Amino acid sequence: MFYLDKKALQDTPNNKPVGKGVNWTGEFAKRHKQAKYPALKQYYAHGTISADTPIAETPLVALDFETTGLNPKTDSIVSIGLVAMTVKRIRCQEAQHWIIKPDTELKTKSVVIHGITHSDVADAPSFNRVLDELLQHLQGKVVVAHHKDIEVRFLNSALKHYIGEEIVFPCIDTMALEARFSRTIKRTFLRSLLGQKTPSIRLTDCRSRYRLPYYRQHNALTDALACAELLQAQVATHYPDDTSPISAIWC
Amino acid sequence: MATEQVEVTDFLQRHKPFSDLAAPELSHVASGVEIAYYKAGSPILTFGQDNTHWFVIRSGAVEVFRRDGELYNRLGEGNFFGELALMRNRPVRFPVVALEDTLVYLIDADTFNNLFDNDEQFADFVEVEDRSRLRESSPDKKDNNALLTVKVEKLIEQLPLILPPHTSVQDAALRMTEEGVSSLLISNEYLNDDTSSDDEPVIGIVTDVDIRSRLVANGLDLSTPVTDIMTTQLTIVQSNQYVFEAMMLMLKHKVTHLPVLRKSKPIGLISHQDILRYESQNSLFVVKSIFNAQNVDELAALKDEVQTCFSRMVDEDANSQMIGSAMAVIGRSFKQRLLELAEEEFGPPPIPYCFLALGSMARDEQLIVTDQDNALVLDNRFEPKLHDAYFNDLANFVCDGLDRCGYTYCKGGIMATNKKWRQPLKIWEQYFTQWIDNPTPETLLHSAIFFDLDGVWGKKVWADALNRLIRKKAFKNSRFLACMARNALLRTPPLGFFKDFVMETDGRQTNSINMKRRGTAPIADLIRVHALSVGAEGRNSFSRLNGVIDAKILPPGRGVDLRDALEFIAMVRIRHQAFDLEMKRVPDNDIEPEYLSDFERKNLRDAFQILSDAQKYMKYRYQPGRHL
């Protein structure tokens, strides 16, 4: 789901209540006690890795949603793609792709983008039918997404709708990472002198910067894969030292 | 649970050997892929490590090294590596390093081995190091015959004339005359593309002979419908049958015309004359035309037929030895006919002589792009003042004639027109003795050309005597052989290909490669040195190599490898020239990698590697002072 225009990108609030500096182990223990929905309780029970775990050893899962629109209040999820990975290996064997019957109307505007039609969703399961399995895929892993707010907000909106609870988890945002890397480039005097623009942090542009191949966009599974490869490239480039801790890049 | 990644599947589907896999297998491979990213300069496989995966390059490029750090190969998108360790279940022998930022798809050992064990085509393609693959790619087709290997459809020149049953014989005859054909087909489905009916597509055939014997001879009216004189009970041939089968059908059913069907649609009509005409384009026919030519103009006019003959042999999958010797026979015939004509023009020779062919023609390895290397051996009674004017005229006549027939003048002046190469036998013996006893850089180059010599006209026994002299003097002559070996190392093969470039061993890249200079010539040079060292008879590289193999001076298996390498390189060169001819271009020896298939690239790479290894061995074997 990487079709946000510039305005949408700016309007989207970044790091909300939980984020950098959070003690995730403690947070998970606390949430485990509070959670009521069994699969969510189970998810928290599994815990999360400690902040000093090397990036190279961190179990990850790249996640992407296609949605009916941009507003989590009025739009909903139509497909979920995910693939298990580490920064060394992406495992296509452990990938999943669901088409979801959206809770809200499927808008023509979004159909054009993700190509999922009314007939595709007619027999598709609703979100609550895949929720437990989705949580199983996420448990014990750090989520990787390009522009994570979309995934986090739509996921929480759907959870709230179906089970009346929300979820928190550590997450790596490849878009935020790229913004961070490119900021250091952007500010040089020479670049401003040359009038060079801020490098684009759209997924396709980020990928080409690392010489990753072009993939067609807006299939949740392909986008999850594209995001997974981007993280591998970012880490290989900016954190070549195998001992860098996961806390350097998660939030 | 495996969910297929479309981008992975699409990519694999575009590249061999995955493109040959059936959909379910491909899907299975794609859904099990693992993916890894490597920064430029970072190691992917290190020497001695265990390898559990087969690597397919999705984007970027890598370099493969030998253990000693020498560059072995450079691979790009769609290429693969790591299969050797998997096939042999051994630790990695060739380390791999990312040359550019590289994304690789990894296929696990089980999936790889499964494909490798169960899919012949897949295994063939992957088995880079197994030299037997090269052998299979250049099979010996000794009993090759045009009629046996060419399909009927090759003979079809135009669509058949098809008429409806009610046509009168007169109208039919008019149409046959208009179209310039000697036969026509009668069909119920005339002009009807709908093949749903169960009727036979063709109900009869009418030939010139039928009109004569069944209409005119019987005094029938011209308005008689063609159905009255047509032959039913048709003998039919399918377009994908061999010309040989068509000929057998004609003989068996005593017919002279065969309708050709493709998917039950008539697409042509072939006659026994078509078959005869096709057969007659072979080299024997060209040779016959050469000897029938009455003057140089007529000889020069045969240039096109030589090219047609060459292209046809390539079409028929003849091997390089067949093509090389056919072209050499033709070249020799041109020389012989020119000498006959010259003797008619200038009168009989004052003293006996022998005209020599040198180089590729003498080795029976001539192709279509070739210059003339020749020389004259004169009787020892030769008196320059008395005789040389005659032989000068004769040499000029022949060399000018050869040039007009497509054999360009030798740039190095190695022609009988050059006084130095128009000498009595005793001088030639002195030349050769001196070249062998006291080699200089210049005479070594001469040795490489003149020591492949063949008498084509006159006192051919002198050519045999010179060959014997060379064999005797060079045999086990370690000093001379060391010099020849050093000379034969001047031309080396490239490393292989990378993207659309030729890769040199030092990492340089060029746009094209001269297949003669970098391929066939260095192999011929190398084989000549070995052949001289063991006194092997024969001038053709393949027969020399057999002698070398019999003498057991090469490490086991290397001789056969070398033969396959020569055959493959020669065939790539030959096919390239045939392609140039087909495209109406002037054929040359320069090959651009972009026109090579993946299969050819891989095999060429193997062949270059074999040549390179053979050169290293030659360097070692003929070290100065080493006892042979």
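Predicted model: local features only at pLDDT ≥ 70, side-chain atom pairs only at ≥ 80, totals over all residues.
**Entry 1. The chains one by one**

I began with chain A, which has 11 helices and 5 strands. I looked up how much of chain A is enclosed, and buried residues make up 53% of its 251 residues. For contacts in chain A with a separation of 6 or more, I noted that 70% are between residues 24 or more positions apart.

I then turned to chain B and counted 25 helices and 23 strands. Chain B has 628 residues, and 54% of them count as buried. Taking contacts in chain B between residues at least 6 apart in sequence, I found that 71% join residues at least 24 apart.

**Entry 2. Where the two chains meet**

The size of an interface is often given as the accessible area lost when the parts come together. For this pair I noted about 2,300 Å² buried between chain A and chain B, with 51% of it on carbon and sulfur atoms. On the chain A side, A:R89, A:C92 and A:Q93 lose the most area to chain B, and together they give 26% of what that side buries.

Next I looked up the polar and charged pairs. Between chain A and chain B, 12 residue pairs are in polar contact. The rule finds 4 salt bridges across this interface. I wrote down the salt bridge of B:D10 with A:R216, where the closest N and O atoms are 2.3 Å apart.

**Entry 3. The nonpolar cores**

In soluble globular proteins, nonpolar side chains tend to be buried together. Which residues touch the most other members of the largest nonpolar core? This core has 93 residues, and the ones I noted are A:I80, A:F127, A:I172, A:L231, B:L12, B:F18 and B:W54. Helix α11 (residues 220-238) of chain A gives the core its largest share, 10 residues.

I followed A:F127 further. Leaving aside neighbours within four places in sequence, the contacts of A:F127 are A:I77, A:I80, A:I100, A:L134, A:L155, A:A158, A:L159 and A:Y162. I also found a second, separate core of 65 residues, including B:V377, B:M415, B:W428 and B:V534.

**Entry 4. Helix α21 of chain B**

I picked helix α21 (residues 478-488) of chain B and asked how many of its 11 residues are buried. The count is 8, so the helix is largely enclosed by the rest of the structure. The buried residues are B:F480, B:L481, B:A482, B:C483, B:M484, B:A485, B:N487 and B:A488. I then checked what these residues pack against, and found α18 (425-437), α19 (441-450), α20 (460-474), α22 (515-534) and α25 (598-621) of chain B.

**Entry 5. One histidine**

Last I looked up B:H387, which is found in helix α17 (residues 384-404) of chain B.

Conventions
Residues numbered from 1 in each chain as written. Chains lettered and ligands numbered in written order. Heavy atoms only, no water. Core = buried A, V, L, I, M, F, W, Y, C linked by side-chain atoms within 4.5 Å. Buried < 20%, exposed > 50% of the residue type's maximum accessible area, 1.4 Å probe, protein only. Helix = DSSP H or I, 4+ residues; strand = E, 2+ residues; numbered from the N terminus. Contact = heavy atoms within 4.5 Å. Buried area = accessible area lost by both parts, 1.4 Å probe. Salt bridge = Lys/Arg side-chain N within 4 Å of Asp/Glu carboxyl O. Polar contact = N/O pair within 3.5 Å; in protein donor to acceptor, adjacent residues only side chain to side chain.
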